[in-house]
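Visitor: Could you walk me through this model? I'd like to go by topic.
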Amino acid sequence: MGNSKTKDKSKPGKRGGTTSYQNSKNARKYPLMRRWSQKDTEDYRKGYPGKKDCSGTLNLDFYTNSISSRPNGDKIDVIHKKWFGDYDRLESHHGYIQWLFPIRENGMNYYAQELQVKEAEAIKKNPETCGRVLKSYQMMLNFYGMKLKDDETGELERDRDWRQRFHHLNRSMHNYLRITRILKSLGELGFEHLKAPFVRFMLKEALERKTLENTIDSCYNYWIETIKDDEIREELRDFADNIICSDS
């Protein structure tokens with residue numbers, strides 16, 4: 001799939017129209033943040049030009065269940081078994097997310113290490129570590145009130161406690177940063193195909209069903225922009241704009 005085809009900007013719902021999200025008042029509120037997010041996600045999509053690996057293998061060691069996350073963490077298999085559904089711990093503990101979803105950027109956890117290309121390749125080649133990445137994703141989806149319906153297509157559905165969890169997500173904006181990390185990490189670790197279905201699900205909940213309206217800015221400015229395929233990224237923008245147009 002290459003670059004997206006040229007779109008007819010005169011059609012309703014395209015970003016040339018006055019009702020598109022990018023031309024809306026919300027999208028213009030923070031132009032500096034918008035430019036920063038564009039640079040950040042573009043660097044990610046291009047594979048961080050000029051960035052070199054270091055010698056560390058902490059992420060690979062963690063995903064092979066050889067070491068515990070720090071600080072105050074555990075081995076990954078224990079986290080998947082004992083932390084799943086422990087919403088208070090998943091919300092208040094701020095050291096695990098960098099281990100479960102490593103990316104090639106510095107994070108807020110001093111003990112965690114940036115993901116190295118060689119680690120990502122090793123994780124992708126190992127069925128056991130790939131299975132653990134998927135379990136990490138499923139655990140966080142449950143935390144957010146969602147469920148992976150099909151791990152081949154990435155299709156999502158609401159989980160049993162979705163009302164409570166959506167209410168929490170709608171007012172817990174630091175989780176939007178976590179979601180950006182999760183999406184980037186999935187793309188690095190061989191699960192790029194799961195990202196677009198997640199973003200589409202979020203757009204429907206935020207724009208169509210009005211259940212997660214506070215996520216709209218992050219969804220448009222960050223989460224869509226983590227999608228590596230140009231055509232899919234454009235389709236998601238159009239999907240969002242068409243919902244907006246239908247409501248106007």
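Visitor: Go ahead. What should I know about the model itself?
Guide: This is a predicted model, where local features need pLDDT of at least 70, side-chain atom pairs count only at pLDDT 80 or more, and totals for chains, interfaces and linings use all residues. Residues are numbered from 1 along each chain as its sequence is written, and side-chain values use heavy atoms, with hydrogens and water left out.

Visitor: How many helices and strands does the protein have?
Guide: The protein has 13 helices and 2 strands. Both are DSSP runs numbered from the N terminus: H or I of at least four residues for helices, E of at least two for strands.

Visitor: What percentage of the residues count as buried?
Guide: Of 248 residues, 49% count as buried. Buried means under 20% relative accessible area, exposed means over 50%, and partly exposed is in between (1.4 Å probe, protein chains only).

Visitor: And the surface and contacts?
Guide: The protein exposes about 12,600 Å², with carbon and sulfur atoms supplying 49% of it; the areas come from the Shrake-Rupley method with a 1.4 Å probe, and for residues only the protein chains shown count as cover. Among contacts (heavy atoms within 4.5 Å) with a separation of 6 or more, 67% are between residues 24 or more positions apart.

Visitor: Salt bridges next. How many does a search of the whole structure find?
Guide: The search finds 18, counting a side-chain nitrogen of Lys or Arg within 4 Å of a carboxyl oxygen of Asp or Glu.

Visitor: Give me some pairs.
Guide: One of them joins Lys-195 and Glu-192 at 2.8 Å, N to O. Lys-195 is buried at 0% relative accessible area, while Glu-192 is partly exposed at 25%. Another pairs Glu-155 with Lys-149 at 3.7 Å, and Glu-155 is partly exposed at 39%. Glu-205 and Arg-209 also meet, at 2.7 Å; Glu-205 is buried at 0% and Arg-209 is partly exposed at 39%.

Visitor: Which residues do shared partners join into one network?
Guide: Arg-45, Glu-225, Asp-230, Arg-233, Glu-234 and Arg-237 are joined that way.

Visitor: Switching to the core. Which residues have the most contacts inside the largest one?
Guide: Met-146, Phe-198, Val-199 and Trp-223 do, in a nonpolar core of 59 residues. Such a core is a set of buried Ala, Val, Leu, Ile, Met, Phe, Trp, Tyr and Cys residues joined through side-chain atoms within 4.5 Å. Helix α8, residues 127-144, gives the largest share, 9 residues.

Visitor: What is Trp-223 in contact with?
Guide: Leaving aside neighbours within four places in sequence, Trp-223 contacts Tyr-176, Ile-179, Thr-180, Leu-183, Phe-198, Val-199, Met-202, Thr-215 and Ser-218.

Visitor: What caps its N-terminal end?
Guide: Asp-229 does, through a side-chain oxygen 3.0 Å from the backbone nitrogen of Glu-231.

Visitor: Is Asn-72 buried or exposed?
Guide: Asn-72 counts as exposed, at 70% relative accessibility. Asn-65 is partly exposed, at 21%.

Visitor: Back to Glu-205. Where is it found?
Guide: Glu-205 is in helix α11, residues 195-208. Its side chain makes a polar contact of 2.5 Å with that of Thr-211. A polar contact is a pair of N or O atoms within 3.5 Å; within protein, one must be able to donate a hydrogen and the other to accept it, and residues adjacent in sequence count only if both atoms are side-chain atoms.

Visitor: What else does Glu-205 touch?
Guide: Not counting residues up to four places away in sequence, Glu-205 touches Arg-158, Phe-166, Lys-210, Thr-211 and Leu-212.
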